[in-house]
Amino acid sequence: MHRGVVQTVAAVLPHMASQRLWDPDSEPTAPRATNAYADLGFASMSSPVGSIIASPSPQNNDEDGDDVEWELQNNGLYIGSYSRIVLLNALVPIFAITIFTVLAFLPDLAWPIADFPSPYPSSFPFPLPQILISSAFFSLTHLLRIPIFSLTSFLLPSQYACFASTFIHVLITNGLRLASLIILQVRHTMDYPIPTCQDPAFRTVWWLSLNFAEVLAAIIQGYEQLALYRDLMVPEGRETEFLERIKSGSLDEPESTLENPHSPQQEHETFQDALEDGETRSVESRIDRGLEKLLVIKMRDELEEVYGLPVIKIPVFISCLQRFNSIFLSIGFTLLLSAAYLRSPLSIPLSDISIQLSSVPVTDQLKDFLHATSQMHSYDSSYIPFIVTTPLVLLLHTSLAVLHTPTLLPRVGVHTAAYVGVLVGLMSFFAGLAVWGALS
C-alpha cells in the first residue's frame, strides 16, 4: 500500500523538491529554496556564484554584495533576520495607535462645546455605538469583496471584472456610510440647522469615520503576509555558505543524492529510502507538508503579482503611510458625505414635517406634501451639495481603489500609490473640515 501511495505522490508532485520551503526540522544550514525566475517561466540566467566564491576581491566588495543578494533572490532567498523585520514592523501599529489617540482628542481640544448631552444609556455610552456600527459595516464590505469579484468575473470579461467589482465595492462602502447616519439618527439630534463643528452631531460623525476595524484588519493582514517569508530569510554573514550549498545542489536536497531533483523516479526512490530507513514521519504527513508548502508558495506568488515586488521588500515607512491614508481618507470622505446629506431635504425628519403641516387642513396635506418637504424654512436645505459631493467622493474613492488593483499597482508602484493616497487623504480631510465650518 505504501508503495502505491509513493507512486501517486511522485506522479502528482514531481517538482515538489524544488518548490518546497526551508524545512525547520532539517539542519539549520540547509533551508529549502525556490528559483523564482525558473518558476515564473523565464529563461535560466547565468549565475555569478562561482566567481563570487572562487575569487573574492576586496576592491569589489560592494559589487560582490549586490551579486550575492541578486543570486539569493534569484533562488527565492532574502538576506536579513525575520524576527528583526517583524520587530521593525511593530512601528506600524504604534503609528496607527498614535494617530487614533490624537484624532480622538482633537474635537475636544480644537472645537470644544459647552454641553454635549449623550442620547445613549449609561450601559451603552458614546462613542461605543459609532465604533460598533462602523466596524460592523466595514466587516460586511470586507466579506463582500470575494463574492462581488466572483459575480463580476462571471458576468464580464476578465479585463473588466476587476474594475467593475472595485466600483461596486466603493458604492456599497459609501452607501453604508450614509446608512450609518440614518441608523444613528444624526439629523434628529442636531442643534443647528446646518452642519457645524459646534453641533454634537459633528462628534457623532467624527467617531463614525474613525475606521478602527479597517486599520486593525490591515495590520493583521500585513503580519500574515510577512509570515509567508519566514523560511526564506538568510542570516547575515552566512550568505557565502548558502551560495556554496546552491552551487553544490545540497540546498535543494539535504541528502544530496538526487542528480535530477525534478525527476519523478528520483522522488519515488527518495520516499522509498525514507520508509526503509524507518523515518518517524508517515508518508501522509510528508504529503500534507508538501501541499502546505506549495500553498504558501502560491500565496506568495499571488502577493508578489499584486504588489509588483516581494512583500518583505516593502519599507515600513510605506506601510505606515498606507495606514495614514486609510484613516484620513475615511475621515475626509465621511465628513464630506455627511455634510452634503445633512444639508439635503433627504435627511429632514418626518416629525419636523408633520409639525409644520399640523395646522394645514387634512385635504391639503397630501397636495402640499412635496412642496413642504422641498421648501422648509427652518432648514437651509438643498439637493445641490449632495448632487455635487456624492459623485466627487465616488470618483476619488474609485480612482484610489483602482490604483491598488493588480492591474495597475505593479505598474505604478506601491510607493507612488502611497504618496498619491497621502495627497488625496489630506485634501479630503481638510475639505471635510471646511464643509463643517471647522477651519473658519
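This text walks through the predicted model shown above, from the whole chain to single residues.

Some ground rules come first. Residues are numbered from 1 along each chain as its sequence is written, and side-chain values use heavy atoms, with hydrogens and water left out. Because the model is predicted, local features need pLDDT of at least 70 and side-chain atom pairs count only at pLDDT 80 or more, while totals for chains, interfaces and linings use all residues.

Start with the whole protein. Its secondary structure comes to 21 helices and two strands. Both kinds of element are DSSP runs, numbered from the N terminus: helices are H or I with at least four residues, and strands are E with at least two. The protein has 440 residues, and 43% of them count as buried. Buried means under 20% relative accessible area, exposed means over 50%, and partly exposed lies in between (1.4 Å probe, protein chains only). Now look at contacts, which are heavy atoms within 4.5 Å. Take those between residues at least 6 apart in sequence: 81% of them join residues at least 24 apart.

Next, find the loop between α7 (91–110) and α8, where P127 sits. The peptide bond from F126 to P127 is cis, with omega near 5°. Most residues other than glycine have a negative phi, and most peptide bonds are trans.

The expected span is 1.5 Å times one less than the number of residues. The buried residues of α8 are P129, Q130, I133, S134, S135, F138 and T141. An α-helix has 3.6 residues a turn, so residues three or four places apart point the same way. Which helices do the buried residues of α8 pack against? They pack against α9 (145–155), α10 (158–183), α11 and α12 (212–227).

Between α10 and α11 runs a loop that holds Q185. The phi of Q185 is near 55°, a positive value in a residue other than glycine. Q185 is partly exposed, with a relative accessible area of 43%.

Helix α15 covers residues 283–307. At 1.5 Å a residue, its 25 residues should span 36 Å, and its end C-alpha atoms are 36 Å apart, which agrees. Its buried residues are V283, R286, I287, G290, K293, I297, R300, L303 and Y307. Just after α15, G308 takes a positive phi of about 85°. Pick out L303, which is buried with a relative accessible area of 16%. Not counting residues up to four places away in sequence, L303 touches Q225, L228 and V311. The C-alpha atoms of L303 and P406 are separated by 9.2 Å, though the two are 103 residues apart along the chain.

Now turn to α16, residues 316–343. How does α16 meet α11 (residues 200–209)? Their axes come within 8 Å and cross at roughly 140°. Axes are lines fitted to C-alpha atoms, for helices over the stretch in contact, and angles run from 0 to 180 degrees between N-to-C directions. The two helices are therefore oblique to each other. Angles under 35 degrees count as roughly parallel, over 145 as roughly antiparallel, 65 to 115 as roughly perpendicular, and the rest as oblique. On the α11 side, F202, V205, W206 and S209 make the contact; they meet S330, I331, T334, L335 and S338 in α16. These residues divide into five nonpolar, four polar and no charged. Ala, Val, Leu, Ile, Met, Phe, Trp, Tyr, Cys and Pro count as nonpolar, Asp, Glu, Lys and Arg as charged, and the others, Gly among them, as polar.

Helix α19 (residues 384–403) also meets α16, with axes within 8 Å that cross at roughly 160°. So α16 and α19 are roughly antiparallel to each other. From α16 come L329, F333, L336, L337, A340, Y341 and R343; from α19 come P385, F386, T389, T390, V393, L396, H397 and L400. By class, that makes 11 nonpolar, three polar and one charged residues.

Finish with L321, also in α16. L321 is buried, with a relative accessible area of 13%. Leaving aside neighbours within four places in sequence, L321 is in contact with A418, Y419 and V422. Y419 lies in α21 (residues 414–435) and, at 43% relative accessibility, counts as partly exposed. Y419 and L321 are 98 residues apart in sequence, yet 7.8 Å apart in space, C-alpha to C-alpha.
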